[in-house]
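Please read the numbered points alongside the sequence and the model.

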Amino acid sequence: MRYSKMLLPTLRETPSEAEVISHQFMLRAGMIRKVAAGIYDVLPMGLRVLRKVETIVREEMNRAGAQEVLMPIVQPAELWQESGRWHQYGPELLRITDRHGREFCFGPTAEEVITNIVRRDVSSYRQLPLNLYQIHTKFRDEIRPRFGLMRGREFIMKDAYSFDADEPGAEASYEAMRQAYHRIFQRCGLKFRAVEADSGNIGGSFSSEFMVLADTGEDAIASCDKSRYAANVEKAAARAPEPVEPPATLAPLTMVDTPARKSIQEVSDFLNVPAEQTIKTLIYQADNEVVAALVRGDDEINEIKLKNHLGAGVLFLADDKTTEKVTNAPLGFAGPVGLKDVRILADLRVRYVFDAVVGANSADAHYTGANLDRDYRVDEFVDLRLVRAGDPSPGDPEGVLRVDRGIEVGHIFKLGTKYSEAMGCTVLNDQGEELPVIMGCYGIGIGRTAAAAIEQNHDDGGIIWPMPIAPYQVLLVTLNAKDEVLEYADKLYDDLIAAGVEVLYDDRDERAGVKFNDADLLGVPLRLTVGKKGLAEGIVELKQRRIPGKDFEKVATDKLIERVRELIDEGMGTGVEA
């Protein structure tokens with residue numbers, strides 16, 4: 001493609017709306033343009049990248065035995081009402097009404113539609129296993145869309161669904177998809193990690209996320225330094241603490257004044273006690289139940305763990321009115337002593353906090369010397385805390401956890417019979433029994449993968465595309481394009497295309513500095529620079545975008561295409577699992 005003919009509106013300055021690197025560079029490199037909040041036009045340069053990702057995904061899904069379908073974006077409310085998610089999903093589900101007054105939604109996902117397909121046309125175990133997928137547009141009405149294609153409202157997603165007659169078959173389907181995902185992200189040239197994860201609104205018994213590692217990632221990943229254990233911090237288990245004997249003599253329970261001291265830091269400083277000697281009491285609304293959750297003062301509560309343990313559809317911190325009703329105290333002074341008519345759950349580490357400082361359930365007051373059983377009760381001890389770097393690892397008795405940043409690009413779920421039971425998707429087994437099919441769900445964000453690649457691969461000058469998903473493999477640049485330079489560059493352009501190389505030919509009448517700056521911004525892996533001086537020596541300058549600085553190779557013109565092909569082949573499928 002000739003640069004002069006391409007819609008490629010690059011920007012010199014970073015738009016103020018762009019918060020993260022990928023959003024900044026996708027706008028500046030003329031890949032996307034904003035239409036509305038969380039909704040973007042994808043321009044030719046950007047679309048080439050998305051199509052590269054789609055091709056890799058499609059090839060690996062087909063290789064794994066999945067079959068491609070295309071499902072509607074607009075889905076009838078009746079299907080979502082059958083599954084129970086019409087009211088559960090919340091405001092992210094964009095609901096619409098047609099001219100006849102019938103309710104629909106713009107599909108954020110397709111479990112209901114795909115289950116309807118299978119229940120309609122599959123009736124016997126002999127028709128299973130089955131895996132159906134699509135690469136299509138989704139819409140989720142995010143309350144705060146941001147970061148460009150990283151968290152938009154409208155986005156392209158590959159979603160696949162497996163159907164099996166029994167648990168061993170479902171396990172085999174899940175494993176086949178797990179392996180396919182490893183191949184996909186390796187082929188995309190990305191450094192990634194598969195981690196245990198929470199299933200969220202999709203549901204199911206188990207799930208894994210595939211994370212592209214990047215310092216700018218919005219997710220935190222906990223991993224063991226001695227084993228392959230890895231999990232999103234929302235899911236990561238904390239190793240049970242070693243038992244600690246209480247002191248020979250327990251301190252008396254004493255109420256002390258703590259005027260206007262509400263936070264752990266304020267109370268610790270005021271009473272001159274370490275944060276780990278304090279206990280936080282948090283009041284939550286879990287569906288229709290009010291519960292109290294206790295964690296050590298130096299720990300943070302993991303609300304996902306609490307919600308999952310309670311089996312709650314909705315969990316949120318209780319409002320001031322509810323908190324005061326339960327504790328008889330304003331916000332910031334809640335404690336477990338004297339709490340009645342409320343279920344109390346505590347993190348495992350709370351069991352070994354002796355002579356603790358806790359809220360006194362009275363304004364401007366705390367207790368010191370609070371001890372379990374003597375002064376307050378706990379109904380259940382549960383792993384409730386958010387793990388952090390340096391914690392003992394649950395994956396190895398000698399290991400500790402490290403925490404890295406990552407960007408979720410893929411998520412696979414064991415759904416079980418959540419949707420098949422609700423929607424009557426059954427098959428007859430070999431005994432003639434009618435049983436619900438066992439399902440799995442497997443998603444990849446196409447645009448999100450492209451954006452994550454930029455977050456992982458960039459420098460101050462712009463994008464550094466991995467070869468497999470680069471919009472072009474070669475950027476051909478001319479300097480003072482006249483006479484023999486122009487003639488040679490035109491021929492080289494044709495020869496590269498004939499050799500199967502994807503080329504963007506910068507044939508603009510611009511200064512060298514402008515062309516080189518744009519080359520760095522666009523991030524094409526290989527840059528060929530044709531100039532009069534080089535041609536006189538019989539060479540073309542070859543610059544690899546991934547190599548920092550101004551180093552370049554001088555390649556003889558008769559060896560140029562061979563060298564380009566060699567570097568392209570070297571750059572394909574270079575991703576690794578960290």
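1. Ile56, Val57, Glu59, Glu60, Met61 and Arg63 of helix α2 are in contact with Met177, Ala180, Arg183, Ile184 and Arg187 of helix α6, where contact means heavy atoms within 4.5 Å. By class, this contact comprises 6 nonpolar, no polar and 5 charged residues. Here Ala, Val, Leu, Ile, Met, Phe, Trp, Tyr, Cys and Pro count as nonpolar, Asp, Glu, Lys and Arg as charged, and the others, Gly among them, as polar.

2. The model is predicted: local features need pLDDT of at least 70 and side-chain atom pairs pLDDT 80 or more, while totals for chains, interfaces and linings use all residues. Residues are numbered from 1 along each chain as its sequence is written, and side-chain values use heavy atoms, with hydrogens and water left out.

3. Two packed helices are described by the angle between their axes and the distance between the axes. For α2 (residues 44-63) and α6 (residues 167-187), the axes come within 9 Å and cross at roughly 150°. The axes are lines fitted to C-alpha atoms, for helices over the stretch in contact, with angles running from 0 to 180 degrees between N-to-C directions. The two helices, α2 and α6, are therefore roughly antiparallel, a term for angles over 145 degrees, whereas under 35 is roughly parallel, 65 to 115 roughly perpendicular and the rest oblique. Helices here are DSSP runs of H or I with at least four residues, and strands are runs of E with at least two, numbered from the N terminus.

4. How many of the 8 residues of helix α1 (residues 21-28) are buried? The number is 7, so α1 is largely enclosed by the rest of the structure. Buried means under 20% relative accessible area, exposed over 50%, and partly exposed in between, using a 1.4 Å probe and protein chains only. The buried residues of α1 are Ser22, His23, Gln24, Phe25, Met26, Leu27 and Arg28. Among the elements covering them are β1 (32-36), β2 (39-42), α11 (446-456) and α13 (512-522). Gly30, which follows α1, has a positive phi near 70°.

5. Gln134 belongs to strand β7 (residues 130-139) and counts as buried because its relative accessibility is 2%. A polar atom of its side chain lies 2.9 Å from the backbone nitrogen of Met71. Leaving aside residues up to four places away in sequence, Gln134 touches Val69, Leu70, Met71, Ala110, Met157, Lys158 and Asp159.

6. Most residues other than glycine have a negative phi, and most peptide bonds are trans. The peptide bond from Leu128 to Pro129 is cis, with omega near 5°; Pro129 lies in the loop between α5 (111-121) and β7. Asp341 has a positive phi of about 55° and sits in the loop between α9 (320-327) and β17 (343-347). Asp373, with a positive phi near 75°, is found in the loop between β19 (365-370) and β20 (380-382). Both aspartates are exposed: Asp341 at 85% relative accessibility, and Asp373 with a relative accessible area of 66%.

7. Is Ala260 buried or exposed? Ala260 is exposed, with a relative accessible area of 56%, and it lies in the loop between β13 (254-257) and α7 (264-271). Beyond residues up to four places away in sequence, Ala260 touches Glu266, Phe333 and Asp364. Ala260 and His182 are 78 residues apart in sequence and 53 Å apart in space, C-alpha to C-alpha.

Definitions and conventions: Polar contact = N/O pair within 3.5 Å; in protein donor to acceptor, adjacent residues only side chain to side chain.
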